[in-house]
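Visitor: I'd like a walk through this structure, starting with its pockets. Can you show me how to read them?

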Amino acid sequence: MNYKCIDLKYGKLHLIQTKKFRSINIKILLKEEIKKEDITKRNFLTDYLILTTKKYKTKKELALKIQELYSLYVSSYNTRVGSYLITRFNMSLLNPKYTEDSMLEESISLLHEIIFNPNVKNNQFDTKIFNILKHDILTEIETVKENPKLYSMIKMLENMDSSMPYAYHGYGYLEDLEQINEKNLYAYYKEFLTRSLVDIYVIGDFEEEKMISLIKEKLNFKTLKKEKKNIYITHNKINKKIKKVIEDSTFNQSKLAIGCKIKDLTDFERKYVINLYSMILGGGFNSKFMQIIREKKSLAYYINSSVNKADNLLLIQSGISYQNFEKVISNIQKIMKSIQKGDIKELDLEDVKTEYLSILEETYDNIDSIVENYIAADLLDLDDYETRKEMVKKVNINDIIQVSKKVQIDTIFLLKGDTNEKD
C-alpha cells in the first residue's frame, strides 16, 4: 500500500494505491467549524444534492445513470468531529479494468454533477423536491425521541453543557427547519462551497497521473485553502458535585447515560492508553462493568463504555431497572476508583491489547475502513499503522492507572422507565 498527499490550491488530495480490491473509492470531505444553526441546513442540503441535479432532475433519472455506470454507489452525510462539522460525499465504483476505460471519467463527472450542478431555477431549489425532503427531515427529527438509548445520550450531553459542540446532535432542530426555504438554502449552498476546508481521498488500483488530472478537472472547488484549526474540545470546568437528571418516559426499560470529562491527557495517553482503559472498563463481555455489574450482580441488561477523543469524553451507557439506579451508579464509581488504586491485572491489560490489535488489523481487510483510518489519522493526528501497533504494546498498568485518574464523572442522565420489564 502506497500513500501520497498532494497539495491542491483549495485543499489536499490523498492517494492510497493498493491492488487488494476490485473497486475504487473516492471520499470528499468538506470541513468547517461547527455552528448549531448550520446542522439542520447542512443535513437538508446534502440530502437535496444527492437526490436531484440539473441534468438528472428526478430520482429515477439519477438511478438510471448510476445503473449505467455499473451500479456504482454514491452517498452523502454529515458528521461532527470535535469542533468541526464535516460533510462527506462518497463514491465507490468497480475498477474500469473490469468494465470500460471510460467509466472512471464518467463516474467522477457524475460526482461533479451532484456537487456543483444542483437542480436550481430562479436562484432557488426545486419546490416539489424541497417539500418532500422537508417532510422527511421533520419526521427524522421527531423520531429521535422514539429511540430511548439515543435520546438519553443526547439529553445527557445537553445537560452537561448545552453551549458546547458535543451537545449538538446531528439530526437537526425543528426551530431551524421552520426557517429554511428553497431560496435561503440555495444561498447557504453557495457559501458552503466557498468556505470549507477540502480533503479528497482516493483508494484503489489506478493510474496516478490520470487520477490527479481528473480530480483537478472535475472536482475543482473554488474555496481558498484554509488553515486547519484545533479539532479537540477542552474542558475548563468539571462539576465538583456530579449533576444528576431524571426524566420520566413511557418506555419499559430505564436508559442510563453518563458523561465523564477527560482532562490533561498526554499525546501518548490520548492516542493509546485511553482506548485500552475504556476497553477494560466497559469495552466488551470481559470488561469490569459487564463482569461485575451485569454478570455477578445482575444490575443491568447491558452496560458499556466508549471514548470520544475529539470531545475528551468517556461515555457510559446502560439499560437498567429504575430500582437499581443508585446501585448501578455506586458500582460504576467503585470500579473506576478501584482502577485508580491499581486494581488491575496484567492479564486484563494483555487481553485488551490483543483485542485492540485484532480490531486494528481487521480494518485493513476492508477498503472503506482503510480510508477511514487515513481520515482519522489526519483529523486527530494519529500515527501510522505500524507505529500504532508498536506503541499499543508499550502501554503498561501504570499508564492505565494514571489515565484513570484523569477521567471524572460529570453528568448522569436517566430516562426512567415505567416497569422492570425489558424493552
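Guide: Let's begin with the second largest pocket, which has a volume of about 340 Å³. The model is predicted, so to speak of local features we need pLDDT of at least 70, side-chain atom pairs count only at pLDDT 80 or more, and totals for chains, interfaces and linings use all residues. Residues are numbered from 1 along each chain as its sequence is written, and side-chain values use heavy atoms, with hydrogens and water left out.

Visitor: What counts as a pocket, and what is its volume?

Guide: Rolling a probe the size of a water molecule over the atoms shows where empty space is left. On a 1 Å grid over the protein atoms alone, a pocket is an open set of points where a 1.4 Å probe fits, with protein on both sides within 12 Å along at least five of seven lines; lining residues have an atom within 4 Å of a point. Points are joined across faces, edges and corners, and the volume is the space filled by probe spheres set on them.

Visitor: Which residues lie nearest the centre of the second largest pocket?

Guide: Ile 280, Asn 286, Ser 287, Lys 288 and Asp 348, out of 17 lining residues. The elements giving two or more residues are α9, α10 (288-296) and α12; helices here are DSSP runs (H or I, at least four residues), strands are too (E, at least two), and both are numbered from the N terminus. The largest share, 4 residues, comes from α12.

Visitor: And the largest pocket: what is its volume?

Guide: About 1,200 Å³. Of its 45 lining residues, the closest to the centre are Ser 306, Val 307, Asn 308, Lys 309 and Ala 310. Several elements give two or more residues, including β4 (73-81) and α13 (367-380), and α13 gives the most, with 6.

Visitor: How do I read a helix, say α11?

Guide: An α-helix has 3.6 residues a turn, so residues three or four places apart point the same way. Helix α11 (residues 325-340) reaches 23 Å from first C-alpha to last, close to the 22 Å expected at 1.5 Å a residue (1.5 Å times one less than its number of residues). Just after α11, Gly 342 takes a positive phi of about 100 degrees.

Visitor: What joins β4 to β5?

Guide: Strands pair if DSSP finds at least two bridges between them. Here 9 bridges join β4 to β5 (residues 84-94), running antiparallel, and Thr 79 stands opposite Ile 86. They form a hairpin with 2 residues between them, and Gly 82 in the turn has a positive phi of about 60 degrees.
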